[in-house]
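Subject: Structure for your review

Dear colleague,

My notes on it follow, and I would be grateful if you read them with the model open beside you.

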Amino acid sequence: MRFSFANTLALVAMLAMAPAVETRAAGNLAGQEPIVVTVELGKGSEHAFVPNKLRFETGKLYKLVLSNQSQAPHYFTSHGFSQMIYTRKVQVTQTRDGKPVTLAEFKGAIREIEVYPGHSAEWWFVPVAAGRVTDLRCGITGSDGKSHADHGMTGEIVIE
Ligand SMILES: [Cu+2]
């Protein structure tokens, strides 16, 4: 689905006017059930995003799960991506007695998220502009003086 510029403006205006109290009105895009997309940060000892090509559509609510099962902390950083989305929240959950418990929710504009080994974070957002960015990277510098991005931890994000 490709949004016209006018539609995008209308969507941004609508999201900006959304009341602070969460509602579940029919037209509330941020109130939809999210489409879940998982990205692995690090693959074993390899510094990589898996997958490293992500595709989203404007006007849909996504829950991007950033899962780090590697031995090193990793960043998910893309300034371009952050400019094309409306962030509903970022949340951190933990499993207690077999049930997911939310530890914290962060609201407002988010540009990058660092996830520590063995943990994950969820970025809930609605894309509001179409485009392609190639600035997804992890900027952490290893003991060899090179960043994870230098080792290939980079990626591409397309919003249609
Ligand atoms: Cu990294």
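What percentage of the 160 residues in the chain is buried? Buried residues account for 23% of them. Please keep in mind throughout that this is a predicted model.

**Overall make-up**

The chain contains two helices and eleven strands. Followed along the sequence, these elements give the pattern α-β-β-β-β-β-α-β-β-β-β-β-β. Of the contacts between residues at least 6 apart in sequence, 75% join residues at least 24 apart.

**The six-stranded sheet**

Six strands form an open sheet with mixed pairing, in the order E2-E1-E4-E9-E6-E7. Strand E2 (46-50) and E7 lie at the edges; each has a single partner strand, so one side of each is left without a neighbour in the sheet. From one strand to the next, the twist averages 25 degrees.

- Strand E1 (residues 35-43) runs parallel to strand E4 (residues 62-68), and six bridges link the two. Here Val-37 stands opposite Leu-64 of E4.
- Strand E6 (residues 85-96) is antiparallel to strand E9 (residues 119-127), again with six bridges. Thr-87 has Phe-125 in E9 as its bridge partner.
- E6 is also paired with strand E7 (residues 99-106), in the antiparallel sense and over seven bridges. In this pair, Thr-95 faces Pro-100 of E7.

As background for reading such pairs, side chains in a regular strand alternate between the two faces of the sheet.

**The turn between E6 and E7**

E6 and E7 make a hairpin, with two residues between them. Asp-97 belongs to the loop that links these strands. Its phi is near 55 degrees, which is a positive value in a residue other than glycine.

Is Asp-97 buried or exposed? Asp-97 has 5 other C-beta atoms within 10 Å. A residue counts as exposed if that number is 12 or fewer, and Asp-97 is therefore exposed.

**A cis peptide bond**

The peptide bond joining Val-50 and Pro-51 is cis, with omega at about 0 degrees.

Yours sincerely,
A colleague

How values were computed:
Residues numbered from 1 in each chain as written. Predicted model: local features only at pLDDT ≥ 70, side-chain atom pairs only at ≥ 80, totals over all residues. Pairing = 2+ DSSP bridges. Helix = DSSP H or I, 4+ residues; strand = E, 2+ residues; numbered from the N terminus. Axes fitted to C-alpha atoms, helices over the stretch in contact; angles between N-to-C directions. Buried ≥ 20, exposed ≤ 12 C-beta atoms within 10 Å, placed from the backbone. Contact = placed C-beta atoms within 7 Å.
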